[in-house]
Amino acid sequence: MIFSTKNLLQTTSILVIAQSLKGQPLRTPQYYEAEIGGYTAAFNRTPFWLQTNQFGVVPTKTPIFSTRVGASASYDTARLNARKLDIGYGIRMVSNIGPAGNLILPELYVKARYRSLELSIGRRQEILGLADTTLSSGSYSWSGNALPLPKIQLAIPVFTAIPLTKGWVSFKGSFAHGYMNPTGFVNHSMLHQNTLYFRVGREQDVIRVYGGFTHQAIWGGKIADLTLINNPDVAKENQLPSRFRDYIYVVSGLRLPGPDDEKRLTNFDYTNRIGNHLGNIDVGAEIDLVRYSLFLYRQSFFDDGSLYYLLNIADGLNGIRLRRNNPDALVRDLLVEYLNTTSQGGSQFVIDDPLRRGRDNYFNHSQFRDGWSYKQRAIGTPFITPALGPGGEWPYGTFTNNNRVRVTHVGLAGSLPTAGWLFFADRVQYQAKFSVSRNYGTYDVLFPSPLNQFSGIINFTAPINTLNGLLLSTSVAVDAGQLYTNNIGLYIGVRKVWHNIGKR
């Protein structure tokens, strides 16, 4: 089980106490949801796009019977407009019954906002970075592929105008401390995360330009078996640096050795900084074409110093989305992306030579062998795949054996007319994703020849007229190629949403 009663009670207590301090009763949820459904596949492996970027709630093996329930309370707009403190919260539970059955809480959080500033505690479903959030192949470092990490976060969550700019320049950002896997190659490691994004242009302007970054670092924790590293230059003892001074190093990314640091830190800590750092630097633009809107974005990756010297600038996630400003359009959204992670600054890493500081080895790390993952799933782009053993065992020496990939990805979304066919409403919504990847392995171990892979999915969501707002959801996904077993899978489920727009 991924959560404990203790954690549930702690989070619930925070919620109740926060409301009590305001002298008001606990607000009833404004939003409820419930869903039941089942997954099946020709083989026992769930196809790629049925399980990917689903916040870790869909198991990798079928058949699965899944039940999902959730409730949340958002902010009171009137209180925020009156510049008063307000509280929100959310909970979502997923029960999967099958070969890989589990009980998961992908969301359990409380949040408080005063003016533009928000404090949140718990698990929240998030996607970070400039990218389309529904049709994308996945933002590089924080894609929604893994179960959300528990975090304490201080943020300005929406673009807020900078004073004296008359709304032309605005920003948003976050600063968070989180907790990683309690068990693994490194136990009880921690997460540091910060983001900062700027927008030039007001919401009503024809062109809006964006830029910013997302930075994460895994740090601290204890190595479960130091003999597996067997290199004092990488780790001298089981306990990895976890003092407050080390936290300052992690946040700043600087190396500021103190009088006792030489004895307790390793050469690896000095040359690579404390912790496993990675993230993306993003630029984008949104253009209003009256009947359409155009969104262009680019994410560049950093994992060590390669991007500083522009050695891995060929790597990145490039996207363009054309959106028709008509919710009933046959094709409302059309997205095309190209992901490249093959450069990594080149095949050589020479610490003292800026022109050969490559071999970034995305999502792998010499100390944190679990890599950039949580609960065996990549936290970032799902096209950097886990290196599970032949029997599904974990870990298998390192997180991934396939971080050099090229991906062409297309996404579509729109609405199909039904003319009230059978018991459906007038329109049926659909989403489709199609990805073609070429997989090369890693610089350390290249695949004998590149592996080509196609993965696709199409989903239909149909409101049912006769059952008071019930939604029927059907997804068909296909894998064909050399990376995964050729496979076809199906999900069928029904979902109900209730909105309670009442008083507190």
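Is Ser 306 buried or exposed? Ser 306 is buried, at a relative accessible area of 0% (buried: under 20%; exposed: over 50%; partly exposed: in between; 1.4 Å probe, protein chains only).

This is a predicted model: local features need pLDDT of at least 70, side-chain atom pairs count only at pLDDT 80 or more, and totals for chains, interfaces and linings use all residues. Residues are numbered from 1 along each chain as its sequence is written, and side-chain values use heavy atoms, without hydrogens and water.

**View 1. Ser 306 sits in the loop between strand 13 (292-302) and strand 14 (316-324).** Strands (E, at least two residues) and helices (H or I, at least four) are DSSP runs, numbered from the N terminus. The side chains of Ser 306 and Asp 360 make a polar contact of 2.6 Å. Such a contact is a pair of N or O atoms within 3.5 Å; within protein, one must be able to donate a hydrogen and the other to accept it, and residues adjacent in sequence count only if both atoms are side-chain atoms.

**View 2. Gln 299 lies in strand 13.** Gln 299 is buried, with a relative accessible area of 0%. Its side chain makes a polar contact of 2.9 Å with the side chain of Ser 139.

**View 3. Phe 55 lies in the loop between helix 2 and strand 2.** Phe 55 is not a glycine, yet its phi is positive, near 60°. Phe 55 is buried, at 15% relative accessible area.
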